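I opened my notebook to write down what I looked up today. Come and read along with me.

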Amino acid sequence: MDLPPPVNTDPRRAIPAIHELAREILAENPGIPDWAVLEAVQQVVGEARNALAAPPEEVGDATFPQGKEIWLERGLQRARELAAEWPRRVLNATGIVLHTNLGRAPIAPGAAEAAARAAAGYSDLELELGPGRRGNRLASLCQRLVLASGAEAAYACNNNAAALVLILNTLARGREVIVSRGELVEIGGSFRVPEIMERAGVRLVEVGSTNRTHLRDYAEAIRPETAMLLKVHRSNFEQRGFVKEVSLAELAQLGRDRGVPVVEDLGSGSFEDLAPFGFPAEAYVPRRLSEGPDLICFSGDKLLGGPQAGIVVGRAGPMASLAKNPMARALRLDKMSLAALHWTLGAYLSGRAREELPVLRRLLTPPGEHEKRTRGFARVLRDRVQEQTQSLEIEIVQNRVPVGGGSLPGFEIESWAIALVSPGGAAALAGRLRSGAVPVLSRVRDGATLVDLRAVDNADEPLLLESLLGLLH
Ligand SMILES: *Cc1c(COP(=O)(O)O)cnc(C)c1O
(Lines give C-alpha, C1' and ligand atoms only; values in the text may rest on other atoms or scores of the structure.)
Protein backbone atom coordinates (compact mmCIF):
# COMPACT_ATOMS: atom_id res chain seq x y z
CA MET A 1 0.00 0.00 0.00
CA ASP A 2 1.33 3.39 -1.00
CA LEU A 3 1.57 6.03 1.67
CA PRO A 4 0.28 9.47 0.69
CA PRO A 5 3.11 11.90 -0.01
CA PRO A 6 4.07 13.86 3.13
CA VAL A 7 2.45 17.32 3.30
CA ASN A 8 5.06 20.01 3.77
CA THR A 9 3.66 22.31 6.45
CA ASP A 10 6.81 24.43 6.85
CA PRO A 11 5.36 27.96 6.77
CA ARG A 12 8.69 29.30 5.49
CA ARG A 13 7.68 27.92 2.15
CA ALA A 14 4.78 30.39 2.16
CA ILE A 15 7.11 33.39 2.23
CA PRO A 16 7.19 34.90 -1.23
CA ALA A 17 10.50 35.75 -2.86
CA ILE A 18 11.79 39.17 -1.85
CA HIS A 19 12.42 40.36 -5.38
CA GLU A 20 9.02 39.27 -6.55
CA LEU A 21 7.31 41.18 -3.74
CA ALA A 22 9.42 44.26 -4.36
CA ARG A 23 8.71 44.17 -8.09
CA GLU A 24 4.95 44.01 -7.56
CA ILE A 25 4.93 46.81 -5.01
CA LEU A 26 7.02 49.04 -7.26
CA ALA A 27 4.82 48.33 -10.29
CA GLU A 28 1.70 49.38 -8.40
CA ASN A 29 3.31 52.34 -6.57
CA PRO A 30 5.71 54.13 -8.87
CA GLY A 31 5.99 57.12 -6.47
CA ILE A 32 7.87 55.17 -3.81
CA PRO A 33 11.65 54.93 -4.27
CA ASP A 34 13.19 51.50 -5.01
CA TRP A 35 15.53 51.62 -2.03
CA ALA A 36 12.60 51.99 0.36
CA VAL A 37 10.59 49.15 -1.21
CA LEU A 38 13.53 46.75 -1.23
CA GLU A 39 14.49 47.54 2.35
CA ALA A 40 10.83 47.32 3.46
CA VAL A 41 10.33 43.90 1.92
CA GLN A 42 13.58 42.65 3.43
CA GLN A 43 12.53 43.93 6.83
CA VAL A 44 9.05 42.40 6.87
CA VAL A 45 10.26 39.06 5.50
CA GLY A 46 13.18 39.07 7.95
CA GLU A 47 10.83 39.76 10.85
CA ALA A 48 8.55 36.89 9.81
CA ARG A 49 11.52 34.50 9.56
CA ASN A 50 12.75 35.56 12.99
CA ALA A 51 9.27 35.02 14.37
CA LEU A 52 9.25 31.49 13.00
CA ALA A 53 12.61 30.75 14.56
CA ALA A 54 11.43 31.96 17.98
CA PRO A 55 9.81 29.61 20.52
CA PRO A 56 6.07 29.18 19.76
CA GLU A 57 4.94 31.03 22.90
CA GLU A 58 6.67 34.18 21.63
CA VAL A 59 5.09 34.00 18.21
CA GLY A 60 1.70 35.67 17.96
CA ASP A 61 -0.73 34.72 15.19
CA ALA A 62 -0.36 38.11 13.60
CA THR A 63 3.38 37.90 13.07
CA PHE A 64 3.23 35.51 10.16
CA PRO A 65 1.26 36.75 7.19
CA GLN A 66 -0.82 34.31 5.18
CA GLY A 67 -1.43 35.06 1.56
CA LYS A 68 0.38 37.29 -0.84
CA GLU A 69 -2.01 40.24 -0.46
CA ILE A 70 -1.02 40.62 3.17
CA TRP A 71 2.68 40.51 2.28
CA LEU A 72 2.18 43.20 -0.32
CA GLU A 73 0.24 45.37 2.09
CA ARG A 74 2.81 45.06 4.85
CA GLY A 75 5.68 45.73 2.51
CA LEU A 76 3.95 48.78 1.04
CA GLN A 77 3.15 50.23 4.45
CA ARG A 78 6.74 49.79 5.63
CA ALA A 79 8.08 51.28 2.39
CA ARG A 80 5.86 54.34 2.86
CA GLU A 81 7.21 54.79 6.40
CA LEU A 82 10.81 54.49 5.21
CA ALA A 83 10.31 56.96 2.37
CA ALA A 84 8.28 59.48 4.36
CA GLU A 85 9.66 62.95 4.99
CA TRP A 86 10.95 63.58 8.46
CA PRO A 87 10.42 65.42 10.73
CA ARG A 88 6.71 65.51 10.00
CA ARG A 89 4.79 68.67 10.47
CA VAL A 90 2.33 68.56 13.37
CA LEU A 91 -0.19 71.03 14.75
CA ASN A 92 0.61 71.92 18.34
CA ALA A 93 -2.78 72.20 20.04
CA THR A 94 -1.33 71.55 23.51
CA GLY A 95 -1.10 75.26 24.32
CA ILE A 96 2.53 74.66 25.38
CA VAL A 97 4.51 77.14 23.29
CA LEU A 98 7.99 75.70 23.95
CA HIS A 99 7.15 72.01 23.63
CA THR A 100 10.36 70.00 23.98
CA ASN A 101 9.07 67.02 22.01
CA LEU A 102 7.78 69.22 19.21
CA GLY A 103 11.03 71.03 18.50
CA ARG A 104 10.95 73.69 21.22
CA ALA A 105 10.93 77.27 19.80
CA PRO A 106 9.60 77.76 16.25
CA ILE A 107 11.67 80.58 14.71
CA ALA A 108 10.24 83.57 12.87
CA PRO A 109 9.66 83.20 9.10
CA GLY A 110 12.34 85.86 8.53
CA ALA A 111 14.82 83.88 10.61
CA ALA A 112 13.97 80.70 8.72
CA GLU A 113 14.54 82.49 5.40
CA ALA A 114 17.89 83.80 6.63
CA ALA A 115 18.88 80.26 7.60
CA ALA A 116 17.77 78.87 4.24
CA ARG A 117 19.76 81.55 2.38
CA ALA A 118 22.88 80.85 4.42
CA ALA A 119 22.48 77.13 3.83
CA ALA A 120 21.75 77.12 0.10
CA GLY A 121 24.42 79.56 -1.08
CA TYR A 122 27.88 80.89 -0.37
CA SER A 123 28.27 83.73 2.10
CA ASP A 124 30.87 85.83 3.89
CA LEU A 125 30.52 83.56 6.90
CA GLU A 126 34.25 83.67 7.65
CA LEU A 127 35.47 86.38 5.35
CA GLU A 128 36.04 90.12 5.70
CA LEU A 129 34.96 91.31 2.27
CA GLY A 130 36.86 94.65 2.40
CA PRO A 131 40.40 93.46 2.99
CA GLY A 132 39.53 90.03 1.60
CA ARG A 133 40.96 88.20 4.57
CA ARG A 134 39.71 85.54 6.88
CA GLY A 135 36.98 86.71 9.24
CA ASN A 136 35.43 85.50 12.47
CA ARG A 137 32.10 83.72 12.12
CA LEU A 138 30.89 85.08 15.45
CA ALA A 139 31.90 88.74 15.09
CA SER A 140 28.66 90.21 13.79
CA LEU A 141 26.48 88.00 15.96
CA CYS A 142 28.40 88.89 19.13
CA GLN A 143 28.10 92.56 18.33
CA ARG A 144 24.32 92.18 18.35
CA LEU A 145 24.40 90.10 21.53
CA VAL A 146 26.41 92.83 23.24
CA LEU A 147 23.98 95.50 22.04
CA ALA A 148 20.91 93.52 23.11
CA SER A 149 22.26 92.53 26.53
CA GLY A 150 24.37 95.51 27.54
CA ALA A 151 27.18 93.10 28.44
CA GLU A 152 30.88 93.77 27.81
CA ALA A 153 31.19 90.71 25.61
CA ALA A 154 29.31 87.72 24.24
CA TYR A 155 29.86 84.26 22.80
CA ALA A 156 27.62 81.66 21.17
CA CYS A 157 27.88 77.92 20.59
CA ASN A 158 25.78 74.91 19.70
CA ASN A 159 23.40 74.87 22.67
CA ASN A 160 23.27 75.85 26.30
CA ALA A 161 24.56 72.49 27.52
CA ALA A 162 27.62 73.05 25.32
CA ALA A 163 27.98 76.60 26.64
CA LEU A 164 28.08 75.32 30.22
CA VAL A 165 30.62 72.61 29.37
CA LEU A 166 32.79 75.16 27.60
CA ILE A 167 32.62 77.64 30.48
CA LEU A 168 33.45 74.99 33.09
CA ASN A 169 36.25 73.46 31.05
CA THR A 170 37.77 76.82 30.17
CA LEU A 171 37.63 78.51 33.56
CA ALA A 172 37.83 75.63 36.00
CA ARG A 173 39.47 72.57 34.48
CA GLY A 174 41.25 70.53 37.15
CA ARG A 175 39.93 72.82 39.89
CA GLU A 176 36.84 73.15 42.05
CA VAL A 177 33.42 74.60 41.30
CA ILE A 178 31.03 75.33 44.14
CA VAL A 179 27.31 74.64 43.56
CA SER A 180 24.33 74.58 45.92
CA ARG A 181 22.89 71.09 46.54
CA GLY A 182 19.48 72.49 45.67
CA GLU A 183 20.68 73.31 42.15
CA LEU A 184 22.23 70.00 41.07
CA VAL A 185 19.48 69.58 38.54
CA GLU A 186 18.68 67.13 35.80
CA ILE A 187 17.25 68.56 32.61
CA GLY A 188 15.60 66.28 30.09
CA GLY A 189 17.21 63.11 31.45
CA SER A 190 20.47 63.41 29.54
CA PHE A 191 21.71 66.59 31.17
CA ARG A 192 22.69 66.32 34.80
CA VAL A 193 24.79 69.06 36.32
CA PRO A 194 27.10 66.72 38.34
CA GLU A 195 27.80 64.55 35.27
CA ILE A 196 28.39 67.54 33.02
CA MET A 197 30.86 68.90 35.54
CA GLU A 198 32.74 65.64 35.70
CA ARG A 199 32.99 65.46 31.90
CA ALA A 200 34.09 69.07 31.78
CA GLY A 201 37.02 68.09 34.01
CA VAL A 202 36.08 70.06 37.10
CA ARG A 203 35.59 68.94 40.70
CA LEU A 204 32.13 69.58 42.08
CA VAL A 205 31.93 70.95 45.60
CA GLU A 206 28.36 70.74 46.87
CA VAL A 207 27.29 73.17 49.55
CA GLY A 208 24.16 73.63 51.63
CA SER A 209 21.31 71.14 51.81
CA THR A 210 18.68 70.20 49.25
CA ASN A 211 16.27 72.88 50.48
CA ARG A 212 18.51 75.51 52.07
CA THR A 213 21.80 77.06 51.09
CA HIS A 214 23.21 80.15 52.81
CA LEU A 215 25.83 82.62 51.67
CA ARG A 216 28.15 81.40 54.45
CA ASP A 217 27.98 77.87 52.96
CA TYR A 218 29.62 79.19 49.79
CA ALA A 219 32.00 81.46 51.71
CA GLU A 220 33.26 78.63 53.93
CA ALA A 221 33.87 76.33 50.94
CA ILE A 222 36.11 78.76 49.04
CA ARG A 223 39.73 77.55 48.96
CA PRO A 224 42.75 78.26 46.77
CA GLU A 225 41.52 75.43 44.49
CA THR A 226 38.16 77.15 43.94
CA ALA A 227 37.80 78.31 40.34
CA MET A 228 34.14 79.29 40.20
CA LEU A 229 30.88 79.81 42.03
CA LEU A 230 28.13 78.38 39.82
CA LYS A 231 24.43 79.09 40.07
CA VAL A 232 22.09 76.85 38.07
CA HIS A 233 18.56 77.92 37.39
CA ARG A 234 16.01 75.35 38.52
CA SER A 235 14.41 75.38 35.14
CA ASN A 236 12.05 72.48 35.43
CA PHE A 237 10.98 72.33 39.06
CA GLU A 238 10.12 74.55 41.97
CA GLN A 239 10.99 74.41 45.62
CA ARG A 240 8.44 75.57 48.15
CA GLY A 241 8.25 75.57 51.92
CA PHE A 242 11.32 75.83 54.15
CA VAL A 243 13.73 76.93 51.47
CA LYS A 244 16.59 79.39 51.20
CA GLU A 245 18.66 80.15 48.18
CA VAL A 246 21.38 82.73 47.78
CA SER A 247 20.50 85.45 45.28
CA LEU A 248 22.68 86.01 42.25
CA ALA A 249 23.55 89.50 43.52
CA GLU A 250 24.77 88.15 46.88
CA LEU A 251 26.77 85.43 45.18
CA ALA A 252 28.30 87.90 42.73
CA GLN A 253 29.33 90.15 45.63
CA LEU A 254 30.97 87.22 47.42
CA GLY A 255 32.80 86.29 44.24
CA ARG A 256 34.13 89.82 43.84
CA ASP A 257 35.20 90.00 47.48
CA ARG A 258 37.08 86.72 47.24
CA GLY A 259 38.33 87.00 43.68
CA VAL A 260 36.35 84.00 42.35
CA PRO A 261 34.37 84.19 39.07
CA VAL A 262 30.60 83.79 39.38
CA VAL A 263 28.66 82.11 36.58
CA GLU A 264 24.94 81.53 36.18
CA ASP A 265 23.35 78.92 33.94
CA LEU A 266 20.07 80.79 33.48
CA GLY A 267 18.57 78.16 31.14
CA SER A 268 15.96 80.41 29.58
CA GLY A 269 16.53 84.10 28.96
CA SER A 270 15.12 86.90 26.85
CA PHE A 271 16.15 90.33 25.64
CA GLU A 272 12.57 91.52 26.11
CA ASP A 273 11.39 92.28 29.63
CA LEU A 274 8.35 90.08 30.13
CA ALA A 275 7.83 91.04 33.79
CA PRO A 276 5.13 93.63 32.84
CA PHE A 277 3.18 90.69 31.35
CA GLY A 278 3.39 88.72 34.58
CA PHE A 279 6.40 86.58 33.65
CA PRO A 280 9.21 85.99 36.17
CA ALA A 281 11.59 88.95 36.21
CA GLU A 282 14.78 86.85 36.22
CA ALA A 283 14.34 85.79 32.60
CA TYR A 284 15.24 89.30 31.39
CA VAL A 285 18.95 88.96 30.64
CA PRO A 286 19.97 92.65 31.09
CA ARG A 287 18.38 92.68 34.56
CA ARG A 288 20.11 89.42 35.45
CA LEU A 289 23.43 90.85 34.31
CA SER A 290 22.92 93.91 36.50
CA GLU A 291 23.15 91.60 39.52
CA GLY A 292 26.85 91.38 38.75
CA PRO A 293 27.81 87.83 37.68
CA ASP A 294 30.86 87.35 35.45
CA LEU A 295 29.02 85.20 32.91
CA ILE A 296 25.45 84.12 32.19
CA CYS A 297 24.54 81.39 29.73
CA PHE A 298 21.13 80.45 28.32
CA SER A 299 19.44 78.74 25.35
CA GLY A 300 18.65 80.32 22.01
CA ASP A 301 15.51 78.24 21.51
CA LYS A 302 13.68 78.70 24.77
CA LEU A 303 12.15 82.05 25.75
CA LEU A 304 14.46 83.89 23.36
CA GLY A 305 12.48 82.41 20.45
CA GLY A 306 15.45 81.77 18.18
CA PRO A 307 17.24 78.69 16.84
CA GLN A 308 19.02 76.12 18.97
CA ALA A 309 22.10 77.84 20.40
CA GLY A 310 23.97 78.43 23.63
CA ILE A 311 24.47 82.12 24.37
CA VAL A 312 26.99 83.51 26.84
CA VAL A 313 27.06 87.16 27.91
CA GLY A 314 29.20 88.90 30.50
CA ARG A 315 32.72 90.15 31.15
CA ALA A 316 35.27 90.38 28.36
CA GLY A 317 38.16 88.65 30.17
CA PRO A 318 36.64 85.21 30.70
CA MET A 319 34.75 85.51 27.39
CA ALA A 320 38.01 85.80 25.44
CA SER A 321 39.26 82.55 26.99
CA LEU A 322 36.16 80.65 25.81
CA ALA A 323 36.97 81.15 22.14
CA LYS A 324 40.56 80.02 22.70
CA ASN A 325 39.59 76.67 24.21
CA PRO A 326 40.20 73.92 21.58
CA MET A 327 36.82 72.47 22.57
CA ALA A 328 35.12 75.58 21.17
CA ARG A 329 35.63 74.22 17.65
CA ALA A 330 33.77 71.01 18.53
CA LEU A 331 30.87 72.95 20.00
CA ARG A 332 30.57 75.65 17.38
CA LEU A 333 27.36 76.98 15.92
CA ASP A 334 26.54 76.11 12.29
CA LYS A 335 25.84 78.71 9.62
CA MET A 336 22.08 78.13 9.50
CA SER A 337 21.66 78.70 13.21
CA LEU A 338 24.04 81.67 13.09
CA ALA A 339 21.98 83.32 10.37
CA ALA A 340 18.67 82.64 12.15
CA LEU A 341 20.00 83.89 15.48
CA HIS A 342 21.45 87.01 13.84
CA TRP A 343 18.05 87.77 12.32
CA THR A 344 16.27 87.10 15.62
CA LEU A 345 18.57 89.52 17.46
CA GLY A 346 17.81 92.13 14.81
CA ALA A 347 14.11 91.82 15.72
CA TYR A 348 14.96 92.49 19.40
CA LEU A 349 17.21 95.45 18.57
CA SER A 350 14.51 97.04 16.39
CA GLY A 351 11.91 96.64 19.13
CA ARG A 352 9.88 94.27 16.96
CA ALA A 353 10.46 91.04 18.86
CA ARG A 354 6.94 90.88 20.30
CA GLU A 355 5.37 91.12 16.86
CA GLU A 356 7.91 89.14 14.87
CA LEU A 357 8.83 86.19 17.07
CA PRO A 358 6.19 83.44 17.22
CA VAL A 359 7.25 82.42 20.72
CA LEU A 360 6.66 85.88 22.20
CA ARG A 361 3.49 86.47 20.18
CA ARG A 362 1.99 83.20 21.38
CA LEU A 363 3.07 83.59 24.99
CA LEU A 364 1.77 87.16 25.18
CA THR A 365 -1.61 86.72 23.48
CA PRO A 366 -4.02 88.60 25.78
CA PRO A 367 -6.47 86.20 27.53
CA GLY A 368 -9.54 88.06 26.19
CA GLU A 369 -8.33 87.83 22.63
CA HIS A 370 -7.48 84.14 23.05
CA GLU A 371 -10.91 83.43 24.54
CA LYS A 372 -12.67 85.15 21.64
CA ARG A 373 -10.65 83.22 19.08
CA THR A 374 -11.29 79.92 20.89
CA ARG A 375 -15.04 80.55 21.03
CA GLY A 376 -15.13 81.45 17.35
CA PHE A 377 -13.28 78.31 16.35
CA ALA A 378 -15.44 76.13 18.61
CA ARG A 379 -18.61 77.56 17.04
CA VAL A 380 -17.48 76.57 13.56
CA LEU A 381 -16.31 73.18 14.78
CA ARG A 382 -19.63 72.53 16.54
CA ASP A 383 -21.67 73.44 13.46
CA ARG A 384 -19.63 71.19 11.24
CA VAL A 385 -19.45 68.29 13.70
CA GLN A 386 -23.21 68.34 14.25
CA GLU A 387 -23.65 67.33 10.64
CA GLN A 388 -21.48 64.28 11.27
CA THR A 389 -22.01 63.02 14.78
CA GLN A 390 -24.08 63.70 17.88
CA SER A 391 -21.96 61.76 20.33
CA LEU A 392 -19.14 64.27 20.71
CA GLU A 393 -19.42 67.03 23.32
CA ILE A 394 -17.66 70.28 22.56
CA GLU A 395 -17.16 72.84 25.33
CA ILE A 396 -15.03 75.86 26.05
CA VAL A 397 -13.00 75.61 29.23
CA GLN A 398 -10.41 77.70 31.01
CA ASN A 399 -6.97 76.19 30.69
CA ARG A 400 -3.62 76.73 32.35
CA VAL A 401 -0.51 75.94 30.36
CA PRO A 402 3.16 75.89 31.29
CA VAL A 403 5.61 77.76 29.07
CA GLY A 404 7.39 74.43 28.49
CA GLY A 405 10.88 73.54 27.33
CA GLY A 406 12.35 73.74 30.82
CA SER A 407 11.46 77.39 31.19
CA LEU A 408 9.91 79.19 34.11
CA PRO A 409 8.93 76.30 36.44
CA GLY A 410 5.68 76.69 38.34
CA PHE A 411 4.66 79.55 36.14
CA GLU A 412 1.51 78.98 34.10
CA ILE A 413 -0.33 81.06 31.55
CA GLU A 414 -4.07 81.56 31.82
CA SER A 415 -5.45 80.12 28.64
CA TRP A 416 -8.61 78.75 27.01
CA ALA A 417 -9.24 75.45 25.32
CA ILE A 418 -11.87 73.48 23.46
CA ALA A 419 -12.70 70.42 25.55
CA LEU A 420 -13.77 67.42 23.49
CA VAL A 421 -15.53 64.61 25.32
CA SER A 422 -16.01 61.47 23.29
CA PRO A 423 -17.61 58.18 24.39
CA GLY A 424 -14.41 56.32 23.52
CA GLY A 425 -12.39 58.19 26.15
CA ALA A 426 -10.01 61.14 26.13
CA ALA A 427 -6.74 59.27 25.61
CA ALA A 428 -8.17 57.32 22.66
CA LEU A 429 -9.39 60.53 21.06
CA ALA A 430 -5.99 62.19 21.61
CA GLY A 431 -4.40 59.15 19.94
CA ARG A 432 -6.77 59.46 17.00
CA LEU A 433 -5.89 63.13 16.63
CA ARG A 434 -2.21 62.18 16.40
CA SER A 435 -2.91 59.69 13.62
CA GLY A 436 -4.14 62.09 10.92
CA ALA A 437 -2.41 63.25 7.76
CA VAL A 438 -1.36 66.33 9.73
CA PRO A 439 -1.14 65.03 13.29
CA VAL A 440 -2.78 67.20 15.97
CA LEU A 441 -1.21 67.18 19.42
CA SER A 442 -3.66 67.79 22.27
CA ARG A 443 -3.66 67.40 26.04
CA VAL A 444 -5.81 65.14 28.19
CA ARG A 445 -7.30 66.58 31.39
CA ASP A 446 -10.24 65.53 33.58
CA GLY A 447 -11.51 63.04 31.04
CA ALA A 448 -11.51 65.56 28.19
CA THR A 449 -9.24 66.07 25.23
CA LEU A 450 -8.16 69.70 25.27
CA VAL A 451 -7.41 71.61 22.08
CA ASP A 452 -5.72 74.95 22.84
CA LEU A 453 -5.16 77.33 19.92
CA ARG A 454 -2.40 79.35 21.64
CA ALA A 455 0.43 77.73 19.69
CA VAL A 456 -1.53 77.37 16.43
CA ASP A 457 -1.08 80.09 13.80
CA ASN A 458 -4.22 81.83 12.54
CA ALA A 459 -3.25 80.70 9.07
CA ASP A 460 -3.33 77.07 10.24
CA GLU A 461 -6.86 77.21 11.63
CA PRO A 462 -8.53 75.81 8.47
CA LEU A 463 -6.05 72.94 8.49
CA LEU A 464 -6.73 72.26 12.17
CA LEU A 465 -10.47 72.35 11.50
CA GLU A 466 -10.21 69.88 8.61
CA SER A 467 -7.90 67.61 10.61
CA LEU A 468 -10.31 67.58 13.53
CA LEU A 469 -13.33 66.98 11.32
CA GLY A 470 -11.58 64.16 9.52
CA LEU A 471 -10.90 62.38 12.80
CA LEU A 472 -13.89 63.19 14.98
CA HIS A 473 -16.35 60.56 13.94
C1 LIG B 1 17.48 74.00 29.11
C2 LIG B 1 18.61 74.14 30.04
C3 LIG B 1 19.88 73.66 29.69
C4 LIG B 1 20.15 72.99 28.38
O5 LIG B 1 20.03 73.90 27.34
P6 LIG B 1 20.07 73.36 25.81
O7 LIG B 1 20.04 74.60 25.00
O8 LIG B 1 18.89 72.49 25.65
O9 LIG B 1 21.35 72.61 25.68
C10 LIG B 1 20.90 73.83 30.60
N11 LIG B 1 20.68 74.41 31.79
C12 LIG B 1 19.47 74.87 32.17
C13 LIG B 1 19.31 75.50 33.52
C14 LIG B 1 18.41 74.75 31.29
O15 LIG B 1 17.20 75.19 31.67
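Here are my entries, one topic at a time.

**Ground rules.** I am working with a predicted model, in which local features need pLDDT of at least 70, side-chain atom pairs count only at pLDDT 80 or more, and totals for chains, interfaces and linings use all residues. Residues are numbered from 1 along each chain as its sequence is written, and side-chain values use heavy atoms, with hydrogens and water left out.

**Domains.** I looked up the domain assignment and found domain 1 (11-83), domain 2 (91-99 + 363-470) and domain 3 (109-356). Such bounds come from an automatic or database domain assignment.

**Where domain 2 meets domain 3.** I noted that their centres, taken over C-alpha atoms, are 34 Å apart. On contact (heavy atoms within 4.5 Å), 12 residues of domain 2 meet 17 residues of domain 3. The two domains bury about 1,100 Å² between them, and 78% of that is on carbon and sulfur atoms. Buried area here is the accessible area (1.4 Å probe) that two parts lose on being put together, summed over both. In domain 2, Leu-364, Leu-408 and Pro-409 lose the most area to domain 3, together 48% of what that side buries.

Strand β14 (residues 407-421) gives the largest share of the domain 2 side, 6 residues. Strands are DSSP runs of E, at least two residues, and helices are runs of H or I, at least four, numbered from the N terminus.

**Arg-137.** I found Arg-137 in the loop between β3 (133-134) and α5 (139-149). Is Arg-137 buried or exposed? Arg-137 counts as buried because its relative accessibility is 17%, and buried means under 20%, exposed over 50%, partly exposed in between (1.4 Å probe, protein chains only). Leaving out residues up to four places away in sequence, I listed its contacts, among them Glu-126, Arg-332 and Leu-333. The side chains of Arg-137 and Glu-126 are joined by a polar contact of 2.7 Å. A polar contact is a pair of N or O atoms within 3.5 Å; within protein, one must be able to donate a hydrogen and the other to accept it, and residues adjacent in sequence count only if both atoms are side-chain atoms. A polar atom of the Arg-137 side chain also lies 2.6 Å from the backbone oxygen of Leu-333.

**His-214.** I placed His-214 in the loop between β8 (203-207) and α8 (215-221). His-214 is buried too, at 18% relative accessible area.
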